[in-house]
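Dear colleague,

Please find below the sequence and structure that I am handing over to you. My findings follow directly after them.

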Amino acid sequence: MLVVLFYALGLRLLVRGGRAPVVSPAEFTDAITIVTDKEIRRAEKAAAKAAKRSELTAAQRKLALVGAYACFVLCGAAVLGGVILIVVGH
């Protein structure tokens with residue numbers, strides 16, 4: 001549960017900080033639908049536009065990014081702690 005919490009909070013802060021993650025869809029040879037280059041460019045343009053609309057000041061965006069990275073570190077620490085518990089517990 002902690003992993004999901006920290007990851008979701010990290011993503012939220014990352015978007016608020018103006019760095020929305022853009023992941024281009026994977027193309028598989030047996031895919032039902034194929035994503036065109038035009039659709040990928042449109043998604044990237046929409047993400048860039050959303051990042052520009054941020055009403056936060058520069059200091060607030062920087063603080064949001066620091067918080068996002070801290071959440072991702074805590075997420076990794078929770079996963080690492082779980083792995084350690086599994087390995088040491090046996």
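The expected span is 1.5 Å times one less than the number of residues. Helices here are DSSP runs (H or I, at least four residues), strands are runs of E of at least two, and both are numbered from the N terminus.

Please note that this is a predicted model, in which local features need pLDDT of at least 70 and side-chain atom pairs count only at pLDDT 80 or more, while totals for chains, interfaces and linings use all residues. Residues are numbered from 1 along each chain as its sequence is written, and side-chain values use heavy atoms, with hydrogens and water left out.

Which residues of helix 1 are buried? They are Phe6, Gly10 and Leu14. These residues cover an arc of only 70° around the axis, which puts them on the same side of helix 1; the arc is that of the directions from the helix axis to the C-beta atoms. Buried means under 20% relative accessible area, exposed over 50%, and partly exposed in between (1.4 Å probe, protein chains only). On the face turned away from the buried side, helix 1 carries the exposed residues Val4 and Arg12. Just after helix 1, Gly18 adopts a positive phi of about 95°.

The buried residues of helix 1 pack against helix 3 (58-89). The two helices, helix 1 and helix 3, pack at an angle of about 160°, with their axes 8 Å apart. Axes are lines fitted to C-alpha atoms, for helices over the stretch in contact, and angles run from 0 to 180 degrees between N-to-C directions. Helix 1 and helix 3 are therefore roughly antiparallel to each other, a term used for angles over 145 degrees, with under 35 being roughly parallel, 65 to 115 roughly perpendicular and the rest oblique.

**Helix 3 and the chain as a whole**

For helix 3, the 32 residues should span 46 Å at 1.5 Å a residue, and the end C-alpha atoms are 46 Å apart, in agreement. Its buried residues are Ala64, Leu65, Ala68, Cys71 and Cys75, and helix 1 is included in what covers them. Val79 also lies in helix 3; at 42% relative accessibility, Val79 counts as partly exposed. Val79 and Leu2 are 77 residues apart in sequence, yet 9.0 Å apart in space, C-alpha to C-alpha.

The chain has 3 helices and 0 strands. Of its 90 residues, 14% count as buried. Among contacts (heavy atoms within 4.5 Å) between residues at least 6 apart in sequence, 74% join residues at least 24 apart.

Yours sincerely
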